[in-house]
Amino acid sequence: MKIEGKYKFLASQEQIWDLFMDQKNLEKAIPGCEKMEEREPGKYDVLLKIGIAAIKGTYTGKVEVVDPEPPNRYRLLGEGSGNPGFVKGEATIEFSQEGQHTIVSYQGDMQVGGLIAGIGQRMIGGIAKMMAGQFFKKMAKELKSQQ
Amino acid sequence: MPEHLKTFEHKKRNWVGKPLKRKEDLRLLTGRGTFMDDIRLPDMKHAATLRSPYPHAWIKGINVSEALNFPGVRGILTGEDVAKMSNPFPVGVPVPPKYYCCAIDKVRFVGEPVAVVVADDRYVAEDALDLITVDYEPLPVVMDIEEAMSPEAPVLHDNIGSNIYSHRFFQYGDMDKAYKEADLVVKGKFHFPKYGSTPIETYGVIASYNPFSEEFVIYNNYQGPFVNHSLVAIALGIPENKMRWIVPTDIGGGFGTKTGLYPSIALIALAAKKTGMTVKWIEDRREHLLASATGTDRVTYMEAAVKKDGTILGLKDKAIDNTGGYIRAPEPGCAYRSTGNHTGGYQIRNLDREVLVVGTNKCLTAPNRGYTCQELYFSLERMIDLVASELGMDTAEIRFKNFIQPDQFPYTTATGGIYDAGDYQKVFQMALDKIDYKKMREEQRKAREQGRLMGIGFSTVVDPSVTNIAYVTLALTPEERAKGHPKSGSGEAVIIKMDPLGKVHVIACTNPQGQGHDTVISQIVADELGVHPDDVTVSNVVDTHDRVYSITTGSYSSRFSSVVTTAVVTAARRLTEKMLKIAAHLLEANVKELEIQEGKICVKGSPDKSMQMRHVAGTAHWNQAALPEGMDAGLYETCLYTMPTSQPPDELDRVNSSNTYGFMAEAIVVEVDPETGEVKILKWASVHDAGTILNPALLEGQVMGSCAHGLGGSLYEEWAYDENGQCITASFQDYLVPTAMEVPKIDIGHVEIPSPITALGSKGAGESSCMSVPACIGNAIADALAPLGVTISELPLSPNKIWHLIQKAKKKR
């Protein structure tokens with residue numbers, strides 16, 4: 001399943017890159033993130049609790065940042081599994097400056113399995129979009145609090 | 001058919017043929033039925049099954065320790081236990097996959113059982129599933145039937161080495177000659193989807209194990225055949241007489257897919273044995289839609305060698321069935337079950353067949369109502385229309401041209417089917433008249449002038465019932481069969497008794513699923529014994545320890561109307577014969593002089609010389625010394641009837657794969673919305689010949705249900721998977737079943753051509769239109785879209801699919 005979207009931040013591209021590279025910010029902004037530990041540089045163990053309809057449940061997973069090209073792009077690999085099934089995906093996150101703003105866009109492919117696929121697959125696109133929206137809003141909030 | 005097989009004279013009857021209300025209704029409509037979930041045993045624990053979220057993966061490890069410590073959990077069964085405690089199920093293919101009731105070291109479809117938790121209640125059991133961690137190593141998947149045969153495809157079973165479970169070639173007649181004589185050859189490729197039946201009651205099992213007697217007692221809602229009782233015994237490594245199955249009075253629908261219950265019976269039996277508890281498991285709807293059983297999806301390549309006048313000289317086809325992650329009995333029957341009726345209602349004497357049964361990472365299969373006849377007829381009946389279109393011939397005319405003629409019955413097909421009776425012209429003509437065919441073609445012409453997409457479709461198909469288990473052995477070559485033991489039969493057992501006060505009790509083993517068997521048995525016995533249907537009680541609880549049954553026992557393959565009724569009549573006649581002997585002895589008359597009239601046995605011509613039947617019954621039970629010398633006391637008679645037409649295949653692979661052959665014609669008029677692809681059914685006539693009608697009200701219900709089931713397969717239902725092997729139709733929001741809103745008015749008609757080989761002349765009717773409707777709707781939509789150059793070769797025809805076909809055709813132009 002293809003996922004894509006973008007969000008506009010009022011800050012420079014370097015500031016936004018740093019914002020996204022800081023684990024503490026991610027931990028606060030990822031919806032349902034209970035725990036995020038850096039195993040080794042760029043590799044994290046995460047524990048998510050998600051309370052949305054068909055994908056409700058606790059997930060444990062791994063997230064990895066690869067091929068970083070500061071401050072322009074990096075790739076994100078992720079996989080997680082929990083009682084409702086599993087999620088696996090990868091995405092490219094790109095940063096570009098537009099005047100005073102920085103546009104963060106993501107484009108990726110996601111695979112789901114188990115209950116999530118059987119019951120919720122039709123809704124996953126919408127849920128992914130909603131969660132991405134929540135994530136970016138919280139990142140913007142973090143940005144504000146640090147400015 | 002040899003003359004000696006025409007066993008029965010048919011007489012006029014009082015009760016059979018009347019639309020008697022069902023005896024079952026009062027208990028069912030007032031919530032007093034006994035289904036699996038109504039059964040509660042002392043100290044019963046509850047099971048929940050952990051199922052694989054992966055379509056293909058190694059199981060590297062399972063950790064159950066946290067789940068075991070969860071309060072209320074009584075024990076957990078995993079693949080490791082199953083491997084130690086049981087054997088793989090036997091299946092009739094050259095190299096069987098190791099199919100256990102639970103995944104051992106590898107999962108091969110989403111929903112495959114991985115572990116079973118037994119707990120004090122279902123809530124605890126379900127919660128404990130969350131605490132089990134399974135370490136999977138995902139593997140590449142194969143989902144497409146034809147890709148599964150490619151040498152590059154991921155192999156599901158290393159011991160087989162490929163994904164091909166069964167592969168055979170058959171030749172009947174002389175296809176080379178047919179090609180030589182043909183004016184043209186028409187080709188087609190067809191894809192029939194994977195779909196099921198979704199009975200309102202899901203699977204259910206309650207199992208317990210007695211370690212002292214080493215015996216299992218297992219309640220379950222199995223619909224038959226009981227050949228699978230043997231398979232479960234083999235899997236559990238026990239003698240059959242150490243495993244008692246009890247099937248409650250009521251089953252909430254079976255439709256063939258409940259024949260796929262038996263692996264779950266073994267699974268829960270092992271959970272009971274391991275934990276030492278009585279364990280209940282009721283399948284939930286998601287489990288059912290992920291992992292119960294469906295019919296096979298099939299790809300068919302077909303060629304017809306035809307003359308210019310429309311005569312079909314021969315067919316060549318290659319059919320590839322898909323039984324999913326494993327193959328389990330009665331598969332590979334999917335490929336062989338319709339052998340006898342492979343050429344449908346037509347005089348086609350030459351046939352070359354290639355059959356393949358393959359595996360993909362999909363849920364497993366079982367005979368789904370119609371057992372692959374919908375697959376067969378979708379290709380055959382679409383082919384007839386393609387031939388008509390090539391020849392510029394009318395689609396009704398080409399069918400009349402090729403039908404078997406009424407004076408040719410009994411008719412032996414090229415593949416060995418013995419069609420007992422029929423008048424296909426009459427049935428089809430009635431369907432044409434019901435839709436006013438000529439007028440419809442005229443309306444279609446006008447509609448086309450206005451740019452509207454209106455289409456008329458037919459399907460005229462033979463409805464086989466009462467399978468002869470012999471067909472399963474076609475998976476072996478004649479040489480391989482000669483080395484083994486032949487198989488044949490279609491037996492069904494009935495016990496009839498008259499109690500000391502003169503009332504009748506019939507004990508049957510038909511596992512009724514709502515068909516009204518008790519009512520029809522009462523009607524039949526009332527006619528035979530001259531009593532009222534209310535004087536007949538029918539017990540239909542199956543218990544393998546105290547009932548007489550056959551391995552073919554059960555309700556599947558539309559067996560009731562043909563073989564069960566014949567067993568009932570035969571047992572009743574044996575009882576009558578005994579009563580006449582007793583009466584003759586007491587009245588000092590000759591049996592030949594006696595007749596039964598209104599509850600009395602009288603000497604013909606001397607009305608004062610008679611006995612009440614209940615007095616005869618009383619004597620048989622209470623004054624046993626008065627019985628004729630050498631006669632057994634009491635009034636009990638048993639019949640285990642098998643159709644004499646159930647013979648093993650011959651050395652040329654010909655087999656009478658079923659025993660009675662009804663016929664039906666569907667005629668459907670549709671209009672397709674070119675903007676949305678939506679199909680509207682304007683007219684629908686469904687005409688059936690099921691032989692003698694036993695109870696018209698019940699037949700009406702069967703036909704309505706089978707039409708709706710066929711409609712589902714045509715337009716809505718598909719057990720769909722994404723390209724990663726995930727089932728995406730695991731709830732009723734995605735797996736679309738037609739409701740009353742989607743089923744249009746259906747004009748049902750009947751033609752009664754009695755079968756000479758059943759006691760009452762009846763043939764099967766339980767599956768019927770689900771075989772003919774998908775082909776008919778496919779033909780109607782193809783006819784509607786013909787002006788656009790669209791051809792129909794797959795189902796279900798959702799608006800989305802039709803819209804895409806229309807867009808593709810527009811682009812081509």
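Colleague: In which strand of chain B does B:Val118 lie?

Modeller: B:Val118 lies in strand E5 of chain B, residues 113-119. Strands (E, at least two residues) and helices (H or I, at least four) are DSSP runs, numbered from the N terminus. This is a predicted model: local features need pLDDT of at least 70, side-chain atom pairs count only at pLDDT 80 or more, and totals for chains, interfaces and linings use all residues. Residues are numbered from 1 along each chain as its sequence is written, while chains are lettered from A and ligands numbered from 1 in the order in which they are written.

Colleague: Is B:Val118 buried or exposed?

Modeller: Count C-beta atoms, placed from the backbone, within 10 Å of the residue's own: 20 or more others is buried, 12 or fewer is exposed, and in between is partly exposed. B:Val118 has 27 others, so B:Val118 is buried.

Colleague: Which residues is B:Val118 in contact with, leaving aside neighbours within four places in sequence?

Modeller: Contact means that two C-beta atoms, placed from the backbone, lie within 7 Å. The partners of B:Val118 include B:Lys45, B:Arg74, B:Ala125, B:Ala271 and B:Thr275. B:Ile268 is 150 residues away in sequence, with a C-alpha to C-alpha distance of 9.5 Å.

Colleague: How many residues of helix H8 of chain B are buried?

Modeller: H8(B) has 14 of its 14 residues buried. The helix covers residues 262-275. H8(B) reaches 20 Å from first C-alpha to last, close to the 20 Å expected. After the helix comes B:Gly276, with a positive phi near 70°.

Colleague: Which residues of helix H1 of chain A are buried?

Modeller: First, the general idea. An α-helix has 3.6 residues a turn, so residues three or four places apart point the same way. In H1(A), residues 13-21, A:Ile16, A:Trp17 and A:Leu19 are buried. They cover an arc of only 160° around the axis, so they sit on the same side of H1(A). That arc is taken over the directions from the helix axis to the C-beta atoms.

Colleague: What does A:Leu143 touch, not counting residues up to four places away in sequence?

Modeller: A:Leu143 touches A:Phe9, A:Ala11 and A:Leu19. A:Leu143 is in helix H3 of chain A. With 19 C-beta neighbours inside 10 Å, A:Leu143 counts as partly exposed.

Colleague: What radius of gyration does chain A have?

Modeller: Take the radius over C-alpha atoms, then compare it with the globule rule, 2.2 Å times the number of residues to the power 0.38. Chain A has 15 Å, which agrees with the value near 15 Å for a compact globule of 147 residues. Its C-alpha atoms fill a box of roughly 45 × 30 × 30 Å along the principal axes. Chain A has three helices and seven strands, and 24% of its residues count as buried.

Colleague: How many residues of chain A are in contact with chain B?

Modeller: 12 residues of chain A are in contact with 13 residues of chain B. On the chain A side, strand E6 (85-98), strand E7 (101-113) and helix H3 (115-146) each give two or more residues. H3(A) gives the largest share, five residues. By class, that side has four nonpolar, seven polar and one charged residues. Here Ala, Val, Leu, Ile, Met, Phe, Trp, Tyr, Cys and Pro count as nonpolar, Asp, Glu, Lys and Arg as charged, and the others, Gly among them, as polar.

Definitions and conventions:
Expected span 1.5 Å × (residues − 1).
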